[in-house]
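Me: I would like a close look at a single part of this model, namely the sheet and the helices around it. Please keep it plain.

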Amino acid sequence: MKLYLIRHPRPEVKKGLCYGDMDVPLADGWEEGAQALKNALSIEFDGESNVCFHSPLSRAARLAEHIGDGKSQVVEALKELDFGDWEGLCWQDIPKQEIDLWVDDIVLSAPYNGESLQVVADRVWRWWLSVKDMPMENCVLVAHSGVIKVFVSMLCQWPLDQCHRIDVGFSSLTEFFIQGDLVMLKRLGAGDWVSSQ
């Protein structure tokens, strides 16, 4: 199976805004990059051997509907991390001591009264275990930076507390080849079709 992890296009938000499971709109012109990505994938989705799944948040859902020809399936587990009290604040306005508390134990802590990284990892992995043995040739997931970073870390057996080092830009594509217990990372955060994002 080829597994593709795609981050949503750039949203229309104020610079430095903390948004996790907050629904925010896409920036104008996202369709051009979406079409280029669809062309690069060149997959005809049939819902069986070629399947597309997406986060329910509109910034991912709109891209998934575009590249998946309206056949993408919504998956709650693919939502971005919930930043709780921090949602909608600018990072510079969040008290430094709260951010320091989070950074001190980035996997298990959630000083913002939302989800920890481990909670996101657990829900994503539970969902993946429920679908990974389906007879898929191509599996496309359209999701978010946090979800992709924890998913890549788990598939590659990398430490979850280092997942922040993975760079997945807007509309980027990460590709795996998976066969049984064999997991090979083919591309990480590729985005040659993205123009001036």
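Reply: Strand β1 (residues 2-7) pairs with strand β5 (residues 173-179) in the antiparallel sense, over 5 bridges. In this pair, K2 stands opposite F177 of β5. Two strands count as paired if DSSP finds at least two bridges between them; helices (H or I, at least four residues) and strands (E, at least two) are DSSP runs, numbered from the N terminus. This is a predicted model, in which local features need pLDDT of at least 70, side-chain atom pairs count only at pLDDT 80 or more, and totals for chains, interfaces and linings use all residues. Residues are numbered from 1 along each chain as its sequence is written, and side-chain values use heavy atoms, with hydrogens and water left out.

The open sheet has 6 strands in the order β3-β2-β4-β1-β5-β6, with mixed pairing. Its edge strands, β3 (73-74) and β6 (182-190), each pair on one side only.

Helix α5 (residues 145-156) lies across β1, β4 (138-143), β5 and β6. Its direction is about 150 degrees to β1 (axes are lines fitted to C-alpha atoms, for helices over the stretch in contact, and angles run from 0 to 180 degrees between N-to-C directions; contact means heavy atoms within 4.5 Å).

Elsewhere, helix α1 (residues 30-41) packs on helix α2 (residues 58-67) at about 45 degrees, with the axes 9 Å apart. The contact is made by W30, E31, A34, Q35, L37, K38 and L41 of α1 together with R62, L63, H66 and I67 of α2.
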